[in-house]
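User: Hi! I'm new to this one, could you walk me through it?
Analyst: Happy to, let's bring it up.

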Amino acid sequence: MIAFNFNSVASVLVEDGATENLGSTLRARFGCERPFVISDAGLVTLGIVGKATKALDDAELSHALFDGVEADPSEAVVLTATEAAIAHQADLVVGFGGGSSMDVAKLVAVLARGEQGLADIYGVDQIRGGRLPLVQVPTTAGTGSEVTPISIITTGETTKMGVVDPTLLADMAILDATLTTGLPAHITAATGIDAMVHAIEAYTSKIKKNPISDGLAKQALLMLGSNIVLACNDGKNLDARRAMLVGAMLAGQAFANAPVAAVHALAYPLGGHFHIPHGLSNSLVLPHVLKFNEPAAAHEYAELAALMGQERSAPAFFRWVDQVAEETGVVRRLRDMDISHNDLPMLAEDAMKQTRLLVNNPREVTLDDARAIYEAAW
């Protein structure tokens, strides 16, 4: 066994309705008085954020809300949120929402200390100071951002940069399945497959794969794969919703330590150029990257097929992945997302810039390979 290091959040609370006690939980665990909540306007409109702010009111905590997070958040959003947190004199940050809100919350918790600027912390292990206490409350079962040390920010029209540092690991993640029962089927499908990608890529990660990440990835895929169709067909099925949330969290713990690879590398340009949601971007390229990786990862794919009750072979795993996509109704072709065949060379060029991710892929990806994968997905 090779030497390895494993990091994760200090505390995970899984409890239906936990949001109703958010204020008392934060006060008891952290002694905070001025929490700063980061979310998005859509969740405010749906009344989901109101559950959290009411709980903070009930605990008589002086809180403030920033609801300006957008999908693929920009540097401007991060900086505006940071200014608001400083103005509020926040003593704790709560990320409440999907991956975008939680990614912004991670950075605000660091930047509100005023010790470094955003430009100073891009890259790997660049944070020099500390951060405010950080609590993450996911409202989708997908990104696993509540338990990862990664934040991805849009830095230009089509470009993204990441901050990767153990400092970004939250002090606590709260998984409340009741927050996810109203999620539409198409979002449930895309975010759920995103989480499955995290588990699959962690299990085949080339450099940092280890026994702990393997165990988490397999349990994550088992929970996600066994419940995603149920959750899509009956959004109010709390057992399925809870399993999806926990599965996504376990997948997040896995890929936080055994990083993702070519699926994500080829998905990022789809989001950057065409503003396709991250989970759907992953889903569109997933089956084609799997088949490309088969010469290097057939054994692992066969193990995952057996885990899901299929014949122990890589092709059986590919068929199962296709079946999940079909049964959940997720969009499956790039052309159905208004992507022109002429765009494929540009996408391949951009994917090759994702060296941080490609280095983890079990099989080396060349520019011609990336183009061929996009061709297959088109």
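**Helices and a sheet**

Analyst: Helix α7 passes helix α8 in a left-handed crossing (the near helix is turned anticlockwise from the far one by less than a right angle). This is a predicted model, where local features need pLDDT of at least 70, side-chain atom pairs count only at pLDDT 80 or more, and totals for chains, interfaces and linings use all residues. Residues are numbered from 1 along each chain as its sequence is written, and side-chain values use heavy atoms, leaving out hydrogens and water.

User: At what angle do the axes of α7 and α8 cross?
Analyst: The axes of α7 (residues 185–203) and α8 (residues 211–233) cross at roughly 160° and come within 9 Å. That makes α7 roughly antiparallel to α8 (angles over 145 degrees). Axes are lines fitted to C-alpha atoms, for helices over the stretch in contact, with angles from 0 to 180 degrees between N-to-C directions. Helices are DSSP runs of H or I with at least four residues, strands are E runs of at least two, and both are numbered from the N terminus.

User: Which residues meet there?
Analyst: Among them are Ala189, Ile193 and Met196 in α7, and Leu221, Leu224 and Ile228 in α8 (contact means heavy atoms within 4.5 Å).

User: New topic: what's the strand order in the open sheet?
Analyst: The order is β5-β8-β7, with mixed pairing (two strands pair if DSSP finds at least two bridges between them). The edge strands are β5 (123–124) and β7 (150–154).

User: How many bridges join β7 and β8?
Analyst: Five, in the antiparallel sense; Ser151 has Val163 in β8 as its bridge partner.

User: Which helix lies across β7 and β8?
Analyst: Helix α5 (residues 99–111), running at about 100° to β7.

Key: Angles under 35 degrees count as roughly parallel, over 145 as roughly antiparallel, 65 to 115 as roughly perpendicular and the rest as oblique.
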